Amino acid sequence: MIDRDTYPLWNSPSMSAYLTTLSQENMLVEGRGVRVRDAAGRWFLDARSGLWNVTLGYDHPQVTEAIERQLRTLPFANMVGYGRPGAIAVEAAEALLPHLPVHMNKIRYCSNGSQAVETAVLLSRFLHQSAGDRERLAVFGMWHGYHGLGSGAGAVTGMSYVHDQSGPLLPEVHHVAGPFEGAAAPGAGLEQTITAYGPERVAAVVLELVVGEGGHVLSDDYLHSLERFCRGHGIHLIVDEVSTGMGRTGAFTRTEQVGIRPDVLTLGKGLSAGYAPLSAVVLSDEISARLFDLDFEQKFLIGSTNDGHPLGLAASMAVIDTLADGGVLENVDEMGALLRTGLEEVAARHPHVAAVRGEGLMQAVEMAVAEDGALAGGAVADHLRLALEERGVLVSSLAMVPAIMIIPPLVVTASDVEEIVTALDKALAEIRY
């Protein structure tokens, strides 16, 4: 336990509880490959990829060398209303666009995923407002959808505790049960709810294609239907691929895998493999044309000092080169299938596992709630996370869904996957209901 009076950070939602378990030995001091070492000298297989973003491991030579070169050449340039952006921003965009859906041709770089989502939402409202559609303010998201924190992205995130913790956030944001919600009432889906609400009052729909809070994979049929609905009613479809983009599901984007055409796409996390802060807002041909054709007086003011930071862009170009040769993406397909098979075999041996689901190297293991209520599923999932940590494997537990998320770097090997699955099997045997 660390003395609260001498600990210099505020880095937990509940510091009083956090400091009862933290020690100096817990702190991470080194990373190599898919593993991290704590101050006590113990190595862990990082099956959560940092915060789902260290996609190429902790010492990828191409990414490291790219950052070092950029650091010695031009360590900073700015993109916020500044007449001389760094040339590397153009180079990075030109490198990325060929790997994105063909109808998307303009990129705005930001600093993090929350900012990218907020930028996309505000841009949607701005474009409707500039076209004279003053009533189009509403934004619809999905319960359990995670789009970041803060007054804008936190409002879009489908977690009620985020909305309630500090008073009103961005107004006119609404949430609807996803197709994976078995208890959802008939007519309660996005299309039905928006129809009842009034499509002419809706600016945008924001959703993840694989829901981060629980690993639910939205079906192609559902997504194509929603795309047609949004297109027919002039509603912008914003696809948040901060977590799934840049290889997580075996392709540069999940969007291209399912074949939909969003108006706006957000990327983050794996965009720089976690080596430097970076995210992106990518615009469709139609949206960029509307934005570029506005009168000079119709300005969309957005951005921050470190948007499109050259070090993040240098990392991004190295990530793109690494993914483009296809080997890493093939590995995601192979190791994702191997991981999924292993998780399902383990689940079959442990009846308190309610479900295994996900796509590629983004898999969820959901726990059942004990019939006698002795331990709620959420508590069991957190116990499971700690039991895995004792066995040298780091995973994520969730806030609203009683599940762990297994999201290892894209460069994991078959032996790494076996280590994860074996640790899970033993940890599940330890959990008591």
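**Exercise 1. Find which helices and strands supply at least two residues each to the lining of the second largest pocket, then describe that pocket.**

Step 1. Start with the elements: α4 (87-96), β4, α5 (113-130), β12 and α11 each give at least two lining residues. Helices (H or I, at least four residues) and strands (E, at least two) are DSSP runs, numbered from the N terminus. This is a predicted model, in which local features need pLDDT of at least 70 and side-chain atom pairs count only at pLDDT 80 or more, while totals for chains, interfaces and linings use all residues. Residues are numbered from 1 along each chain as its sequence is written, and side-chain values use heavy atoms, with hydrogens and water left out.

Step 2. Now look at the residues. The lining has 27 of them, and M79, I107, R108, L291 and F292 lie nearest the centre of the pocket. On a 1 Å grid over the protein atoms alone, a pocket is an open set of points with protein on both sides within 12 Å along at least five of seven lines; a cavity is a set where a 1.4 Å probe fits but cannot get out, and lining residues have an atom within 4 Å of a point.

Step 3. A volume is the space filled by probe spheres set on the points, which are joined across faces, edges and corners. Its lining divides into 19 nonpolar, 3 polar and 5 charged residues. Here Ala, Val, Leu, Ile, Met, Phe, Trp, Tyr, Cys and Pro count as nonpolar, Asp, Glu, Lys and Arg as charged, and the others, Gly among them, as polar.

**Exercise 2. Trace the sheet that contains β4 and β12.**

Step 1. Write down the order: β4-β12-β11-β10-β7-β5-β6, an open sheet of 7 strands with mixed pairing. Its edge strands, β4 (104-110) and β6 (173-176), each pair on one side only. Two strands pair if DSSP finds at least two bridges between them.

Step 2. Zoom in on one pair. Strands β11 (residues 264-267) and β12 (residues 279-284) run antiparallel and are joined by 4 bridges; L265 has V282 in β12 as its bridge partner.

Step 3. Place the helix. α11 (residues 285-292) packs on this sheet, touching β4, β10 (236-241) and β12, and its direction makes about 90° with that of β12. Contact means heavy atoms within 4.5 Å; axes are lines fitted to C-alpha atoms, for helices over the stretch in contact, with angles from 0 to 180 degrees between N-to-C directions.

**Exercise 3. Which residues line the largest cavity, and how much space lies in it?**

Step 1. The lining consists of M142, G145, H147, L207, E208 and V211.

Step 2. The space inside is about 30 Å³.

Step 3. Sorted by class, the lining has 3 nonpolar, 2 polar and 1 charged residues.
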